[in-house]
Amino acid sequence: MTDEERFETLLAPYRGAHAMPDFRAVQQEPRVPRRWPYAVAAAVVIALLVPRSRTLRDGELVQTSRFTTRIKAPSIGTIDVAPHTTLRLVQSGAGRYLLDLREGSIHAKTSSPPGVFVVNTPKAIATDLGCEYTLSVQPSGVGALHVETGWVGLRYGFMQSLVPANAHATIDAGGNLGPPIFDDAPFREDAPLDTILRVARTKDAFTLLNLLPRAASADQRVQIYDRLNALVPAPPGVTRETVRDRWSFGTVDAWWPPVMKASGLTAI
């Protein structure tokens, strides 16, 4: 089974059984400014306007300037669109992609079944698994995801990153997905591997396990394995030699349940 098939299998139980809903209104209204990532966060001043609403049609381009725009969809939730954001509503035949976020930031708070609301960005696809999150991207594809509640699945090709509440992940210009990192982690995503391994807590075992398939070499996998094994002992069959010499994406499958438990995470 390919990694993409594994990802689809993982999400299958959460896919909505109903037809994709329409966005019924786009409403511009005074909003409390959020701390939007990147340049759009600088100093947002929301003008006081009389709220107005209209229907957002399939394929319609939305470009915000000075105002925060709220998209309301009763069967999805609310999506606040930051100033200087460009997006398009896209309902694919497969009933999956809803928003094509080309540049800027959105803050989504959903009530729909997991897997229904999907955001396509220049380099990655964000699948809502029943949550609240902020997603920001630049035209180059560089982006950042921060999850407040629930989970969000990021995917680019065969790469994936499942990001839990109170954690974040990055997207680089090449589409490489950073591992999920808890907001209170004692390291940053750009820290050297040696630093991450040295200061990682038991809670950060989830990040370390996500780092294994991103390791640049067998030696790096062994380094990660040793530290992770010290924090959360590996189950039988997940050995140092296997990780070093016979690596595949399924090698550490049995390690996920104890690592998630140690990191304080429940199943998706």
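Strand 4 (residues 69-73) is largely enclosed by the rest of the structure, because four of its five residues are buried. Here, buried means under 20% relative accessible area, exposed means over 50%, and partly exposed lies in between (1.4 Å probe, protein chains only). Strands (E, at least two residues) and helices (H or I, at least four) are DSSP runs, numbered from the N terminus. The model is a predicted one, in which local features need pLDDT of at least 70 and side-chain atom pairs count only at pLDDT 80 or more, while totals for chains, interfaces and linings use all residues. Residues are numbered from 1 along each chain as its sequence is written, and side-chain values use heavy atoms, with hydrogens and water left out.

Strand 4 has a partner in strand 5: the two pair in the antiparallel sense over five bridges, where pairing requires that DSSP finds at least two bridges between the strands. T69 stands opposite V81 of strand 5. The two strands form a hairpin, with three residues between them.

The protein chain holds six helices and 15 strands, and 47% of its 268 residues count as buried. Its accessible surface comes to about 12600 Å², with 53% belonging to carbon and sulfur atoms; such areas come from the Shrake-Rupley method with a 1.4 Å probe, and for residues only the protein chains shown count as cover. Among contacts (heavy atoms within 4.5 Å) between residues at least 6 apart in sequence, 48% join residues at least 24 apart.

Two loop residues deserve a look at their backbone. H84, in the loop between strand 5 (77-81) and strand 6 (86-89), has a positive phi of about 60 degrees although it is not a glycine. N166 likewise is not a glycine and has a positive phi of about 60 degrees; this residue lies in the loop between strand 13 (159-164) and strand 14 (167-171). N166 is partly exposed, with a relative accessible area of 46%.

Buried residues in helix 4 include R221, V222, Y225 and L228. The buried residues of this helix pack against helix 2 (193-199), helix 3, helix 5 (240-245) and helix 6 (256-262).

The structure also holds four aromatic pairs. Rings of Phe, Tyr and Trp (its six-membered ring) pair if their centres lie within 6.5 Å; planes under 30 degrees apart count as stacked, over 60 as edge-to-face and the rest as tilted. W151 and F206 form an edge-to-face pair, 6.0 Å centre to centre with 80 degrees between the planes. W151 lies in strand 12 (residues 151-156) and F206 in helix 3, so this pair ties together parts that are 55 residues apart in sequence. W151 is buried at 9% relative accessible area, and F206 is buried at 3%. The rings of F182 and F206 have centres 6.4 Å apart and planes at 45 degrees, so that pair is tilted. W151, F182, F206 and W256 form one aromatic cluster.
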